[in-house]
Amino acid sequence: MVKINDNYLKLPGSYLFSTIGKKVNEFAAANPDKKIIRLGIGDVTQPLTPAITDALHKAVDEMGHAETFRGYAPDLGYDFLRKAIAENDYEARGCDIGMDEIFVSDGAKCDSGNIQEIFATGNIIAVCDPVYPVYVDSNVMAGRGGSYSEITEGFSDIIYMPCTKENDFAPQLPEKTPDIIYLCFPNNPTGAIITKEELQKWVDYANEHGSVIIYDAAYEAYIRTEGIPHSIYECDGAKTCAIELHSFSKNAGFTGVRLGYTVVPKELKRDGVSLHTLWARRHSTKYNGAPYIVQRAGEAVYSEAGKKEIKGLVDHYMRNAAYILNGLKEAGYSVSGGTDAPYIWLKTPGEMTGWEFFDHLLNNANVVGTPGSGFGPHGEGYFRLTAFGSYENTVEAVDRIKKL
Ligand SMILES: *Cc1c(COP(=O)(O)O)cnc(C)c1O
């Protein structure tokens with residue numbers, strides 16, 4: 001008889017997003033005349049830019065001719081893309097990362113979920129709380145969660161590092177030493193950033209304790225503040241303790257195209273074994289998840305035209321973020337994030353829970369956002385708004401909230 005992996009049963013389920021969907025549908029059915037504006041989406045809305053679609057068209061044509069047809073992609077990804085990544089994302093920032101340390105993939109979600117497979121089940125993981133849910137979910141599925149508590153809304157074996165208003169949404173070094181530390185900056189959902197000095201402390205801590213940091217840089221392109229690190233490899237010694245995840249989704253609009261990459265430095269070793277060698281055996285080896293056509297589109301992101309166009313996309317979302325941030329501040333809300341990330345993190349007024357505030361916004365402003373509790377126990381009492389909508393809708397939504 002087959003036995004299932006019952007760790008899957010420990011996951012509380014996607015209660016949050018199904019409940020949001022249900023509430024919005026009910027409201028829409030009861031109020032057909034009301035225009036609902038969604039400031040809760042975690043997906044981009046602007047189309048791919050011309051440099052990208054040109055590269056896609058050209059690569060599609062190549063695939064239709066015998067002389068230029070391509071089959072399976074090389075294990076780590078095509079040289080042309082890894083070279084562009086190494087030059088633009090690392091060399092240009094003074095980071096010593098070579099193209100042979102870069103693994104191209106079909107996106108950061110898969111890699112952030114799969115990377116835990118190279119580590120033993122018994123490792124203790126630490127996560128920022130609140131944060132992007134994939135790190136916890138994938139480790140729970142692998143058996144690193146322990147048991148789920150309805151009371152703490154967390155797992156017994158996971159170290160949650162609270163990120164709240166009191167600590168400026170920055171995690172503190174934990175008392176109990178974790179083996180694997182997940183960091184995500186700029187952060188989803190809080191929009192918080194980390195300074196180079198602070199990040200250096202984590203790198204030093206990991207090197208000292210033999211931990212490994214998994215650094216999610218999915219929102220790196222949104223960083224505006226001078227001196228904020230775009231990569232963990234800007235810190236000294238990061239190559240011996242850190243893996244870095246990147247995505248083309250939120251900067252270049254590849255959420256439906258699928259492209260990302262993961263850096264596993266060659267000098268990163270634990271138990272005397274190179275983690276680079278282990279990751280080279282990952283499931284997606286050879287097929288590596290990203291087709292030739294898509295890797296050509298990724299290359300175009302780093303072209304002159306591509307860079308300019310992608311800056312335009314990010315500027316568009318950041319203009320929305322600034323409008324939301326300033327509007328809510330004027331209306332007297334306590335807000336953070338939004339300066340270096342497409343997310344605005346709002347403290348719910350008074351003693352309102354995230355869900356109470358959700359209902360309040362939906363019923364009275366017809367605006368949809370996301371209760372913070374969906375991103376971790378310490379997200380309760382907070383609310384996430386995203387800058388991924390159109391400018392017109394963003395302005396209208398904020399103006400409605402101001403009138404409440
Ligand atoms: C959106 C997001 C990702 C996923 O990116 P894909 O490349 O589309 O899989 C990864 N990390 C964080 C923090 C995200 O918000």
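**Ligand shell and domain contact in a predicted model**

The shell around the ligand is made up of six nonpolar, four polar and four charged residues; here Ala, Val, Leu, Ile, Met, Phe, Trp, Tyr, Cys and Pro count as nonpolar, Asp, Glu, Lys and Arg as charged, and the others, Gly among them, as polar. The model is predicted, so local features need pLDDT of at least 70 and side-chain atom pairs count only at pLDDT 80 or more, while totals for chains, interfaces and linings use all residues. Residues are numbered from 1 along each chain as its sequence is written, and side-chain values use heavy atoms, with hydrogens and water left out.

**Ligand**

- The ligand is surrounded by 14 residues, each with a heavy atom within 4 Å of it.
- The closest are Asp216, Tyr219, Ser247, Ser249 and Lys250.
- A polar side-chain atom of Asp216 is 2.7 Å from a ligand nitrogen atom, a polar contact being a pair of N or O atoms within 3.5 Å.
- A side-chain N or O atom of Tyr219 lies 2.5 Å from an oxygen atom of the ligand.
- For Lys250, a side-chain N or O atom is 3.3 Å from a ligand oxygen atom.
- The protein buries 94% of the 390 Å² that the ligand exposes when taken alone (Shrake-Rupley method, 1.4 Å probe).

**Domains**

- The chain is assigned domain 1 (6-46 + 307-402) and domain 2 (53-304), with bounds from an automatic or database domain assignment.
- Their C-alpha centres lie 25 Å apart.
- In domain 1, 35 residues are in contact with 43 residues of domain 2 (heavy atoms within 4.5 Å).

How values were computed: Polar contact = N/O pair within 3.5 Å; in protein donor to acceptor, adjacent residues only side chain to side chain.
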